[in-house]
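This report describes selected local features of one protein model. Please consult the sequence and the coordinates alongside the text.

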Amino acid sequence: MTTPPPVFGRAVRRVHLLGAGGMGVAPLGQFLAQLGFAVSGEDDAWNPAVRALVECAGVTVTPPGGLPDDTELVVYSSAVAAAHPTRRRAAARGLAQARRGEMLAEVVRGRRLIAVVGSHGKTTTTAMLITALHRANFPCSWVLGGLFQDDALAPAWAGPGDWVVAEVDESDGTIGRFAPEVTLAVNLDWDHPDQYARLADLEAAFAALFARTRGAVFISDACPLSARIAARLGDRGGQPVYTFGRAGDFRGQVAGEKGARLRLALGGRFAPAEAEVRTQGEFNAANAIAALAVAQHVGARLDALTLAGFAGVRRRQALLHHSTVRIFEDYAHHPTEIRALLTALRGTVAAPGRLLVVFQPHRYTRTAQFKAEFAAALAAADALFLMDVYAASEAPVPGGTSADIYAEIKRGGAAHPVTYLPGSDAGLLKALQAALQPGDTLAFVGAGDIEQTARQFVARLRAEEQREAAWREFLAAARMRLAPATRLVERETLASRTTMRVGGPARVYAEPASRADLRHLLAEAHRRALPVFLLGRGSNLIIPDEGVDGLVISLGHPSWQEFAPQPDGRVWVGGGLRLKNLCGLAVKAGLQGFEFLEGIPGSVGGALRMNAGAMGGWMFDVVDEVHLMDLQGDERTLRKSEMHYDYRHCADLERAIALGAYLRPAASAPAADLRRQIDTYQKKRVESQPREPSAGCIFKNPPGTSAGRLIDESGLKGERVGDAEVSAVHANFIVNRGHATSEDIIALVRKIRARVKAAKGVDLEPEVMLYGQNWRDVL
């Protein structure tokens with residue numbers, strides 16, 4: 001068993017990590033475990049990949065608040081406040097506590113540390129330096145502040161030799177704990193105003209680090225602040241300072257770029273004359289030059305391919321998806337970083353494609369300090385989508401919200417569209433998805449939990465792209481065998497096919513001319529797991545504004561509208577026959593028992609599925625036998641006694657289509673008598689039901705009462721959302737006053753349910769179908 005090094009002046013073995021899933025603490029946990037510490041850790045929001053990484057390294061994951069009894073030291077992320085329950089519990093037990101940077105400084109004490117520091121790009125530069133040393137078989141250890149894009153290299157490694165490469169963070173002040181052998185400052189910029197109230201404070205911290213460096217200091221030749229600090233060392237005859245960059249001691253510049261690869265021309269102190277790097281952009285070229293310079297300085301043998309296999313770092317210009325659009329994610333959270341990122345991405349966008357950016361600001365203090373600079377940097381986007389600030393344990397400060405960035409952008413008169421929906425990430429992503437077009441490049445930018453948002457968005461986009469591919473295959477296969485009389489079209493508007501006159505298009509709409517064509521359509525859809533919906537006369541349903549991502553089948557062809565009296569007294573009716581026509585034909589034939597159906601605005605198939613009823617009669621009162629086809633294309637015949645139906649519902653037709661039915665009239669009667677009964681029903685309907693477009697009764701009647709009475713007694717007649725209104729004639733109807741949307745109707749349904757629940761204590765259940773969706777998902 002490896003004996004871990006002493007820390008903070010004493011022997012410690014059992015360490016508990018708080019915030020163990022963070023990009024600073026997770027690699028440190030892996031490193032500590034390799035050094036021989038018994039490591040446990042907890043996090044409130046694990047990334048599955050990070051959790052798997054630390055568990056594989058031997059870290060025991062505990063639930064939040066699960067501080068092991070034998071813990072000797074708690075190491076926590078600086079984002080974890082002192083009020084955190086585990087920190088309070090550790091304090092109550094008298095346990096020592098240390099920040100991530102403090103613990104890292106302790107375990108590398110006495111080693112030859114290469115500290116990679118700076119404001120922007122240090123994770124990528126550290127990863128490049130690790131890659132260069134590893135390829136050169138240079139014996140060393142390392143601790144990265146992130147994860148490589150692939151698993152070829154771990155983010156931490158306790159290897160042989162005295163050298164150790166570590167990314168050292170200045171944000172919490174723990175930089176003062178380190179005394180490196182070599183310091184590589186990628187660049188310096190004022191950041192972390194919560195820690196460094198003035199630029200001079202940040203400058204003093206790095207000046208002290210440079211002074212503690214025992215060997216060489218490397219700085220960018222393009223960073224005036226670094227040069228000013230380094231000049232003080234020269235004045236005191238201190239450590240050697242080397243510059244890197246276009247005109248540095250270690251000279252390099254981009255000589256060519258192709259795809260995601262750069263060719264660098266090297267000069268000055270460099271041994272190789274060129275280098276190939278798997279990355280893109282001027283900013284990453286500077287990072288690569290810095291890494292190669294330090295690698296050569298410590299004794300690694302370089303060649304032109306040292307960084308050709310660089311894997312990249314997660315959340316650093318990471319390409320998440322590439323199809324008709326490209327989607328990147330990046331950790332950039334400072335205006336300088338954002339400007340460099342968007343400049344690099346802009347150079348890869350081919351017209352007429354656009355650069356779209358989703359930005360999540362990180363910390364209120366940083367947002368307050370740099371809101372104007374953020375607004376200026378984000379102006380490089382063709383369209384911007386702002387998320388709320390990721391607090392990182394901070395309390396809000398005046399001027400430090402996303403609304404303040406939004407205000408700065410608007411104040412500057414930005415030409416590009418900006419979308420900001422406070423508190424509604426879901427709404428923001430919905431707007432983003434609607435805006436995304438083929439050829440666009442999309443970047444999710446920020447240091448908070450925007451990574452999860454990006455990956456969820458990509459997962460949904462991939463699923464949609466797979467679904468679209470399936471639709472293309474379906475259409476090609478279906479059209480090969482359909483008869484000319486069958487109608488099959490894409491994105492058919494459905495609003496005009498409903499009695500409510502609302503809703504968007506069907507992804508695919510079909511009117512099969514025969515059972516064979518219907519069977520073929522269903523089989524091809526089933527083969528690709530594509531959803532199928534039946535549309536009758538469009539009553540008793542609400543179609544969402546965005547439409548229906550499915551195959552919508554209508555039995556609108558004349559072949560489905562048969563009315564055929566049988567020798568045994570029954571009547572065969574097709575599933576597409578309108579109920580009004582059924583009644584008219586029954587009157588002509590002198591068949592009694594169907595009169596109640598005359599005023600129902602539907603078809604036979606829909607009436608069977610819903611067990612439609614009116615005037616005291618129900619569809620299944622007259623049914624004898626139903627012929628149906630399931631959604632796989634298989635036909636069945638069910639007697640009424642075999643079917644499962646109740647109030648406004650038939651279970652057997654939930655996943656099947658009624659092709660038609662044999663109905664049994666109550667008796668024969670003179671046509672004039674039947675017409676008088678229908679006229680009576682019509683008069684009653686005219687007096688009790690609205691004439692404006694509607695879907696019929698919106699809610700099911702609760703046991704022992706009527707939904708209309710409850711709504712009326714709750715004072716809701718005339719209640720309105722947009723052009724959707726509770727009818728003044730019958731409170732259980734919502735009518736379309738002209739330009740209602742399904743969103744208006746759904747919002748009004750919510751309002752009615754809430755008011756009736758408050759006033760009457762009754763939960764109203766919708767009777768109308770939310771077509772292609774489920775009411776429980778929107779109520």
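## Cysteines

The sulfur of C650 lies 20 Å from the closest cysteine sulfur, that of C583, which is too far for a bond. Across the whole structure, a search finds zero disulfides, a disulfide being a pair of cysteine sulfur atoms within 2.5 Å. C650 is buried, at a relative accessible area of 1%, and C223 is likewise buried, at 7%. Here buried means under 20% relative accessible area, exposed means over 50%, and partly exposed lies in between (1.4 Å probe, protein chains only).

## Basis of the values

This is a predicted model, in which local features need pLDDT of at least 70 and side-chain atom pairs count only at pLDDT 80 or more, while totals for chains, interfaces and linings use all residues. Residues are numbered from 1 along each chain as its sequence is written, and side-chain values use heavy atoms, with hydrogens and water left out.

## Helices α13 and α14

Helix α13 spans residues 450-481 and helix α14 spans residues 515-527; their axes come within 10 Å and cross at roughly 160 degrees. This angle makes α13 roughly antiparallel to α14. The crossing of the two helices, α13 and α14, is right-handed. The contact involves F474, A477, A478 and R481 from α13, which meet D517, H520, L521, E524 and A525 from α14. By class, the contact of α13 with α14 has five nonpolar, one polar and three charged residues.

Helices (H or I, at least four residues) and strands (E, at least two) are DSSP runs, numbered from the N terminus. Axes are lines fitted to C-alpha atoms, for helices over the stretch in contact, and angles run from 0 to 180 degrees between N-to-C directions. Angles under 35 degrees count as roughly parallel, over 145 as roughly antiparallel, 65 to 115 as roughly perpendicular, and the rest as oblique. A crossing is right-handed if the near helix is turned clockwise from the far one by less than a right angle, and left-handed if anticlockwise. Contact means heavy atoms within 4.5 Å. Ala, Val, Leu, Ile, Met, Phe, Trp, Tyr, Cys and Pro count as nonpolar, Asp, Glu, Lys and Arg as charged, and the others, Gly among them, as polar.

## Helices α9 and α10

The axes of α9 (residues 335-346) and α10 (residues 364-378) come within 9 Å and cross at roughly 0 degrees. The two helices, α9 and α10, are therefore roughly parallel to each other. In this pair, P335, I338, R339 and L342 of α9 meet F370, E373, F374, A377 and L378 of α10. The contact of α9 with α10 comprises seven nonpolar, no polar and two charged residues.

## Backbone features in loops

A cis peptide bond, with omega of about 5 degrees, joins A351 and P352. P352 belongs to the loop between α9 and β18 (355-359). R363, in the loop between β18 and α10, has a positive phi of about 80 degrees although it is not a glycine. R363 counts as buried, at 16% relative accessibility.

A529 also has a positive phi, near 55 degrees, in a residue other than glycine. A529 is found in the loop between α14 and β24 (532-535), and at 63% relative accessibility A529 counts as exposed.

## Surroundings of N287

N287 is placed in helix α8 (residues 282-297) and counts as buried, at 3% relative accessibility. Leaving aside neighbours within four places in sequence, N287 is in contact with G121, T124, T125 and M128. The C-alpha atoms of N287 and S220 are separated by 9.4 Å, with the two residues 67 apart along the chain.
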